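Biologist: Please take a close look at one residue at the contact between the two chains, and then set it in its chain.

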Amino acid sequence: MTGTSLFHEQTARQRIAAVVDAGSFVELLPPPERLTSPYLAQLGIPVSFDDGIVIGKAKIGGKKLYIAAQVGQFVGGAVGEIHGAKLTGLFKAAARDRVPCALVIESGGVRLHEGSAGEIAITETMRAIFECRAKKVPTIAVIGSDIGAYGGIGILSTCCDFRVMTEHGRLGISGPIVIEKWMGKKAYDSSNRALVWKTSGGKTKYLLGDADALVHDDAGAVREAIGKLLAKSSPVTLKNAKARQAALAKRLKRFGKTENPDDVWKGMGVRDIAAASLASGPEFVALAKTGRK
Amino acid sequence: MKQPSPRALLGKLFGGSAKGIAVEKSLITGYAQVGGKAVCVIGTCNGTYIGNEAALVLAAHVIDCIERHPRTPIVMLVDSAGQEPNRLDEMLGLASYFGHLLSCLEVARRKGHKLITIATGKAIGGAFICYGMFADRIYALDSASVGLMPIAAMSAVTKIPAAVLQKLSKTMPSLEFGAEPFALLGGVEEVWPSKGDTQARLAKAIAAASADDNRAALGKKRGGRKLALDIRNRVLAESAK
């Protein structure tokens with residue numbers, strides 16, 4: 001732990017600077033290039049010189065990596081044509097150079113103001129991620145922001161080899177407000193923060209096996225987690241696909257009708273729900289050790 | 001435009017061989033023939049919602065195809081409204097179930113299965129992302145509803161007046177909803193007339209399919225998505241320095 005500031009409170013550039021080796025980050029297509037969205041300009045919405053994503057190369061522990069961080073303050077980190085093209089290019093560069101690639105996510109998915117262009121861009125990035133995976137080049141999604149990883153970016157994060165989450169991060173497709181609108185407040189009260197986090201938050205995702213690491217809300221902890229994964233990969237093979245199919249079927253069979261997330265936690269071996277709810281990421285990992293097997 | 005029944009549509013695409021395709025709970029799985037050659041078929045119909053269970057059903061069929069019918073092309077039909085907003089599916093990891101379906105398709109691609117998508121009905125947002133848009137080549141019937149969302153829905157969410165979006169969509173096909181504008185972005189290789197000979201078109205599409213993602217290049221050539229390819233290439237060039 002560096003103890004300086006909370007990861008979820010940092011900006012995209014602060015996050016990258018705090019996660020990689022000091023002074024090692026070289027930004028690609030930086031703001032002076034002024035790559036701005038023509039869609040937003042036409043709609044009279046402020047543009048951003050980086051289109052809401054910072055990309056570049058850096059090192060962690062002396063090891064090279066490509067890294068990107070989405071800018072949540074700019075249209076919710078949503079993916080437009082330029083934003084998506086920068087990301088696709090970065091993963092393609094990673095595949096070409098056989099250098100690991102990490103994406104620090106803060107995005108609700110497709111940028112609606114750009115229509116279908118952002119939707120296609122997300123799927124192009126997915127194809128580029130799988131190019132990396134075919135070459136056993138590690139791809140890592142980091143989910144630890146306020147906005148989380150939702151919509152198409154939620155799906156994209158599950159295409160990466162690994163997901164590093166903090167207890168603050170959330171992973172899903174439809175967000176709580178959308179679900180509440182659809183199912184009613186009785187089924188899902190989006191203002192119930194405990195329920196929202198137990199539905200999509202890092203602890204539940206870690207427990208179920210969808211997050212590979214659950215770390216403290218701190219750049220030093222995120223750095224350490226990425227560093228550990230840089231030499232690993234999760235190959236896309238028939239054997240792994242079959243194992244995953246069996247695991248996901250088992251999960252659905254066990255918990256498909258379970259309304260209360262506490263029951264999922266208990267089912268996964270968490271004994272003291274109150275303590276686990278208040279635990280930090282690493283404390284929760286210790287509590288959950290038996291359940292996750 | 002009135003949509004044909006799922007069975008009528010399958011008959012049109014696969015002729016008599018469509019009898020080898022099951023339609024259950026609006027999910028399509030099976031094997032059929034195109035131009036005298038075997039194909040595997042997965043998909044959705046009736047504009048159904050899909051969730052964790054549906055993703056597993058489709059993924060299981062992809063795995064079955066890889067194991068029992070090596071290198072057989074996989075045809076994906078898309079007519080789905082996407083994920084139904086649902087807390088339980090989300091809690092159990094809907095994104096992971098969709099990601100698993102995509103991984104299974106990637107295994108198939110790497111093992112030499114060609115992947116062809118036909119958007120037959122609704123191909124909107126997440127429904128299209130979670131399998132259809134992952135094909136080697138993507139086609140759409142002219143009667144299909146393809147795109148992120150209709151302008152009225154986009155207006156409701158972004159609070160931008162529909163009239164403004166409508167006007168801009170004339171010069172920015174990305175904002176327009178439909179198969180034709182989606183093709184201008186490169187998101188669809190070709191739009192097929194519903195009344196035409198889709199069997200012949202499908203046979204040709206399978207023969208011509210290649211795993212290289214050509215969509216950004218198409219979008220630039222057709223003028224609907226002018227920036228994506230150049231920006232990607234700039235990242236590739238500058239990262240190599």
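**One residue and its surroundings**

Modeller: G125(B) touches E119(A), G82(B), L148(B) and M149(B), leaving aside residues up to four places away in sequence; contact here means C-beta atoms, placed from the backbone, within 7 Å. This is a predicted model, in which local features need pLDDT of at least 70, side-chain atom pairs count only at pLDDT 80 or more, and totals for chains, interfaces and linings use all residues. Residues are numbered from 1 along each chain as its sequence is written, while chains are lettered from A and ligands numbered from 1 in the order in which they are written.

G125(B) lies in helix 5 of chain B; helices are DSSP runs of H or I with at least four residues, strands are runs of E with at least two, and both are numbered from the N terminus. G125(B) counts as buried because it has 24 C-beta neighbours inside 10 Å; the cut-offs are 20 or more for buried, 12 or fewer for exposed, and partly exposed in between. Its C-alpha atom is separated by 23 Å from that of K114(B), eleven residues apart along the chain.

The contact takes 60 residues from chain B and 70 residues from chain A. On the chain B side, elements giving two or more residues include helix 5 (125-129) and helix 4 (94-110). Helix 4 of chain B supplies the largest share, 13 residues.

Chain B as a whole has eleven helices and nine strands. Buried residues make up 57% of its 241 residues. Its C-alpha trace spans about 50 × 45 × 45 Å along the principal axes.

Methods:
Contact = placed C-beta atoms within 7 Å.
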